[in-house]
Amino acid sequence: MTKLSYYRNVVTQISYLIVCCTKYGSPLLRDPEHSIFLSTQLQELCAQHGYELQSFQVHNSYVIMHLQLSPNEAIGNAMRTIKGTLGRKMLKQFPDLRLEMVDGNFWAPTYFVATEGEVSTETIQDFIAFASQTKKRR
């Protein structure tokens, strides 16, 4: 259960379920070394920015996170920070990943986010399938 967060003028209990997929569903995270590095960097990044990372799972081509933010933090800004920073760090640490990438982007341009509560596994699987087939933006 999500714990209460106390701020100057608000008490919140908003937790987000977030799914980020690699570009075109490429299995860029299948190597355990890649998964461990991404996990460590994700935890450090969230701590650095004050995002409460409640839990996460790294899979071959996507990451599922449970994240709690300050009410002053927009989810879009947090995701831009997380995806941008992690993508750059992964490519810097593992330059060989560029050979497996289609257009130089580590993450798909979209992500799935929902406030936690009533999100089914089917909904998450539908999003992963959608993100894997997403074409380039025009």
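1. Let's start with helix H3: on the face turned away from its buried side sit the exposed residues Glu122 and Gln133. Here, buried means under 20% relative accessible area and exposed over 50%, with partly exposed in between (1.4 Å probe, protein chains only). Helices (H or I, at least four residues) and strands (E, at least two) are DSSP runs, numbered from the N terminus.

2. A word on the source: this is a predicted model, in which local features need pLDDT of at least 70 and side-chain atom pairs count only at pLDDT 80 or more, while totals for chains, interfaces and linings use all residues. Residues are numbered from 1 along each chain as its sequence is written, and side-chain values use heavy atoms, with hydrogens and water left out.

3. Which residues of H3 are buried? They are Ile124, Phe127, Ile128 and Ala131. These residues lie on the same side of H3, because they cover an arc of only 100° around the axis, taken from the directions from the helix axis to the C-beta atoms. An α-helix has 3.6 residues a turn, so residues three or four places apart point the same way. The cover over the buried residues of H3 includes E3, E5 and strand E6 (107-115).

4. Of its 138 residues, 42% are buried.

5. The largest nonpolar core has 28 residues, and those touching the most other members are Ile18, Leu42, Met65, Leu67, Ile82, Met90 and Phe106. Such a core is a set of buried Ala, Val, Leu, Ile, Met, Phe, Trp, Tyr and Cys residues joined through side-chain atoms within 4.5 Å. Two or more residues come from each of strand E3 (16-22), helix H1 (32-49), strand E5 (62-68) and helix H2 (75-93). Which element gives the largest share? H2 does, with seven residues.

6. Another core, of 12 residues, lies apart from that one; Ile64, Ala108, Phe112 and Ile128 are among its members.

7. Leaving out residues up to four places away in sequence, Met90 touches Leu29, His34, Phe37, Leu38, Leu97 and Phe106; contact means heavy atoms within 4.5 Å.

8. The C-alpha atoms of the protein chain fill a box of roughly 50 × 30 × 30 Å, taken along the principal axes.
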